[in-house]
Amino acid sequence: MEMRNTTRATLFTLALVLVALAPAVAQKTSATVNIPFAFTVADIGMPAGEYLISSPSERAITVQHVGGPETRTTMTNSGSPAYSDGRAKLVFHKYGNAYFLAAAWLPNSDHAREFLASVNEIQVARNGGQDVVELTLLAKK
């Protein structure tokens, strides 16, 4: 009986610790960025402006226009940690004047979240060369 009570107390304490840490982890996976150009994420056009980038789950990334109605949550793939320079950032593929969100490195993450190339990006990519643009994310305060 005493062992059962000890196990329950231990599990209860562990649950309290996990509940207390959950908001701290969620806050660390959010950041803001000023994107000075219109861009596309998952075939949805987004205007230039300030954005809140967050990760509601391990595979999903939400891109929310601060002060605007545009919000897009999309599934991503895990990228390789080999290309990390330690900065939280967004990576865009640029074709002429068209920008496509390609990857997000969120604060306190050791790997990128890579966005799948949209049908539109694949079509645009066939017509010209690709440049890469990186924007640094600012940790959410």
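**A chat about strands, hairpins and a cavity**

Mentor: Let's begin with strand S1, residues 30–35: five of its six residues are buried, so S1 is largely enclosed by the rest of the structure. Keep in mind that this is a predicted model.

Trainee: Thanks! Which strand is S1 joined to, and by how many bridges?

Mentor: S1 is joined to strand S4, residues 49–54, by six bridges, and the two run antiparallel. As one of the facing pairs, Ala31 stands opposite Ile53 in S4.

Trainee: Can we zoom out a bit? How many helices and strands does the chain have?

Mentor: There are two helices and 11 strands. Following the sequence, the pattern reads α-β-β-β-β-β-β-β-β-β-α-β-β.

Trainee: And what share of the residues count as buried?

Mentor: That is 33% of the 141 residues. The accessible surface of the chain is about 8,800 Å², and carbon and sulfur atoms make up 57% of that surface.

Trainee: Which strands does S8 pair with?

Mentor: One is strand S7, residues 89–95, which pairs with S8 in the antiparallel sense over seven bridges. Within that pairing, Lys94 has Tyr99 in S8 as its bridge partner. Strand S9, residues 113–115, also pairs with S8 in the antiparallel sense, over two bridges. There, Ala104 stands opposite Arg113 in S9.

Trainee: How many residues sit between the strands in the hairpin of S7 and S8?

Mentor: Two residues lie between them, and Gly96 in this hairpin takes a positive phi near 65°.

Trainee: Which residues line the largest cavity?

Mentor: The lining consists of Thr40, Val41, Ala42, Asp43, Phe100, Leu101, Leu116, Ser118 and Glu121. Strand S2 (39–41) and strand S8 (98–105) are the elements giving two or more residues to this lining. By class, the lining has five nonpolar, two polar and two charged residues.

Trainee: I'm also looking at Ile44. Where is Ile44 placed?

Mentor: Ile44 is in strand S3, residues 44–46. With a relative accessible area of 36%, Ile44 is partly exposed. Apart from neighbours within four places in sequence, Ile44 is in contact with Phe39 and Arg72.

Trainee: And how far apart are the C-alpha atoms of Ile44 and Ser118?

Mentor: They are separated by 9.4 Å, while the two residues are 74 residues apart along the chain. Ser118 is also one of the residues lining the largest cavity.

Trainee: Last one: His65. Buried or exposed?

Mentor: His65 is buried, because its relative accessible area is 13% and buried means under 20%. His65 belongs to strand S5, residues 60–65.

Trainee: Which residues is His65 in contact with, beyond neighbours within four places in sequence?

Mentor: Those are Pro47, Ala48, Gly49, Glu50, Tyr51 and Glu70.

Methods:
Residues numbered from 1 in each chain as written. Predicted model: local features only at pLDDT ≥ 70, side-chain atom pairs only at ≥ 80, totals over all residues. Heavy atoms only, no water. Helix = DSSP H or I, 4+ residues; strand = E, 2+ residues; numbered from the N terminus. Buried < 20%, exposed > 50% of the residue type's maximum accessible area, 1.4 Å probe, protein only. Contact = heavy atoms within 4.5 Å. Areas by Shrake-Rupley, 256 points an atom, 1.4 Å probe, with all protein chains shown as cover. 1 Å grid on protein atoms, 1.4 Å probe; cavity = no way out; pocket = protein on both sides within 12 Å on 5 of 7 lines; lining within 4 Å. Nonpolar A, V, L, I, M, F, W, Y, C, P; charged D, E, K, R; others polar. Pairing = 2+ DSSP bridges.
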